[in-house]
Amino acid sequence: MDFKLEIAKKISGMVDMELEKIIDLIEIPPQSNMGDYAFPCFQLARVMRKSPNMIAKELSEKIDKDLIVDKAEAAGGYLNFFINKSEYTKYIINDVLEKGSAYGRQIGNEDKTVLVEFSSPNIAKPFHVGHMFNTVIGSSIEKVFRHLGYKTERLNHIGDYGTQFGKLISAYKRWGNEEAIDKDPINELLKIYVKFHEEAEKDEELEKEGRMYFKHLEKNNPDSVAIWQKFKDLSLREFKKLYNLLNIEFDSYAGESFYSDKMPEIIDMLYAKNLLVDSEGAKIVDLSEFNLPPCLVIKSDGATIYVTRDLAAALYRKRAYDFYKNVYVVGGTQTLHFKQVFGTLKLMGFEWADDCEHVGTALIKFADKKLSTRKGDVIFAKEVIDEAIVKTTEIIENKNPNLKNKELVAKQIGIGAIIYTFLKNSRERDVVFSWEESLSFEGESGPYVQYGYVRGNSILNKAGTINENADLSVLNTEDEFNLVKLLGSFKDALKESAERYEPFVITRYVTDLAKAYNKFYNTHHILNAEEKVKDARLLLTKAVCNVFKISLGILGMETPESM
RNA sequence: GCACCUAUAGCUCAGCAGGAUAGAGCAACGGUUUCCUAAACCGUGUGCCGGGGGUUCGACUCCCUCUAGGUGCACCA
């Protein structure tokens, strides 16, 4: 039973307005003492030629008390509904417990596939905090859609193609040290890559050599391909260590090189549709009808460019997955690039271009130069994770030295703290990285939310078996009802998070849940309450823990058993 | 030069398909532990919502303009 819908039906029986429209208008009052749902009458005022206050007043008199609504009051043009708390409480808690881990799932999405491209690091380059930010956001977006019941595919569009790899092969042949590379592949490869650039300034031959090796690569020269493949394997091995720490998996690592042999077809199609225009020796697609600058598809030397690969990749994905949505979680600096790619696809006649979505992520910046220059001018993801775990371990030693599984819990909390910081605010707002902020353990933070779960979990464990048939009507305090309302609004949070591709909606939601549960916990006894109340509060706690687990899971955070 | 984004409390940020007194956390100060983990809870204060116009019964929210900051603008990805 959907209480909002039932209320909308009541209203629609009294006024001349579409049910859909009414549902749309119904809102939740800013203060709980004003009611649980509110219907603004301002729009009706025009057609009914009466003041909103009058309309609200008249409507309120026609609403009778029943199982849904306790009473309806008019207040300043709003018709405020106070729902039947006891019925609502029963309905929500039972719903959460019945659905279990599937609570919040939408039906009807089973056959729709949502592709989410995220992370996409370049091989042989360090994985820094910026990559981690994008990875954590992309992963959470995918989990939101998965929880809503969509089929999803996690795509890691690895950067493994381009002249840079010719240069790297050249550098490897000159200065590559097997042992060092095996020990610390990415840093060692980066080192010889940097050396290549230094040497190239003195010796022009090097640049030529680099381009030559890239040509070899393109022509599938076995020697060059083998070296490139080695770089790729080593890099992926390192990346996967991080993904493991973050509990993130991918369904595909098909990167740029994978699409290189799929470019000729897209180029042929562009020619066939007369979309390619000569401009300064290059081939471009005119996008003036979308008010966009032209899109360069083929360079003046005849070579392709990353736009070409993205076009080929999009078509490939449509054929391979027949996606419902094709989501690119990529830095916001590439907004124009994606507009051009989607615009070009549209001109090619692919209507599904409208199903492609660029979801921009913010830049991670550094305010404190000292910190950013630690190891060059980046901070590695691994450093941040290690630092967080160390800090958590210290706190555990300090607060709970007898804790079991300290190492595991330190990892769950430390990594959770970082993820929380990354998913706390809107994804497009630039982040000035600070250790203090990332490793925040107080107030609205990862550990705060996990602590809320741990408290509930601990109580459930102590209770042992709980009475599944407890009478929930004894839950009649305000603190309890606030929790119930939050449980009920989980679906709204999920929906909004998906519509906006914004994990922070879930972060805020679960933080509110933690606040409400902590307050409830502090104010009322659970195990020490009288039998009937205890049973009901245990069921409430169980439902809350279930939603904690689902929400934190969507964010990519773990739920420690204790902390 | 053109395009897009951002501007809300001392700091970091929510709120913006227009609506009821603009909200959190941090920081500051004060309080809570014979009681299920105090990584918790409670209380106190703060705002020309960047400036100026306009639309509207009503604007932090929509439109125009100015200012400040950021990003992008063809042969890197």
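The model is a predicted one. Chain A is divided into domain 1, which covers residues 3-83, and domain 2, which covers residues 123-363. Taken over C-alpha atoms, the centres of domain 1 and domain 2 are separated by 53 Å.

**The surface near RNA strand B**

RNA strand B is surrounded by 59 residues, of which the closest are Tyr78, Lys299, Ser426, Glu444 and His524. By class, the residues of this surface divide into 26 nonpolar, 16 polar and 17 charged. Several helices and strands each supply at least two residues of the surface near RNA strand B, and among them are helix 3 (42-48), strand 3 (78-83), strand 7 (282-285) and helix 13 (306-321). Helix 16 (381-399), helix 19 (446-463) and helix 22 (504-523) also each supply at least two residues of that surface.

The table gives side chains with an N or O atom paired with a sugar or linking oxygen of RNA strand B.

| Side chain | Distance from its N or O atom to a sugar or linking oxygen of RNA strand B |
|---|---|
| Tyr78 | 2.2 Å |
| Glu256 | 2.5 Å |
| Lys462 | 3.0 Å |

**Helix 17 and its partners**

Two packed helices are described by the angle between their axes and the distance between the axes. For helix 6 (residues 129-147) and helix 17 (residues 406-422), the axes come within 10 Å and cross at roughly 80°, which means that helix 6 is roughly perpendicular to helix 17. In this contact, Val129, Met132, Phe133, Val136 and Ile137 of helix 6 meet Ile418, Ile419 and Phe422 of helix 17. The residues of the contact divide into eight nonpolar, no polar and no charged.

Helix 17 also packs with helix 19, here at an angle of about 125° and with the two axes 7 Å apart, so that helix 17 is oblique to helix 19. From helix 17, Gln412, Ile413, Gly416, Ala417 and Tyr420 meet Gly446, Pro447, Val449 and Gln450 of helix 19. By class, this contact has five nonpolar, four polar and no charged residues.

Definitions and conventions. Residues numbered from 1 in each chain as written. Chains lettered and ligands numbered in written order. Predicted model: local features only at pLDDT ≥ 70, side-chain atom pairs only at ≥ 80, totals over all residues. Heavy atoms only, no water. Domains from an automatic or database assignment. Near = heavy atom within 4 Å. Polar contact = N/O pair within 3.5 Å; in protein donor to acceptor, adjacent residues only side chain to side chain. Helix = DSSP H or I, 4+ residues; strand = E, 2+ residues; numbered from the N terminus. Nonpolar A, V, L, I, M, F, W, Y, C, P; charged D, E, K, R; others polar. Axes fitted to C-alpha atoms, helices over the stretch in contact; angles between N-to-C directions. Parallel < 35°, antiparallel > 145°, perpendicular 65-115°, else oblique. Contact = heavy atoms within 4.5 Å.
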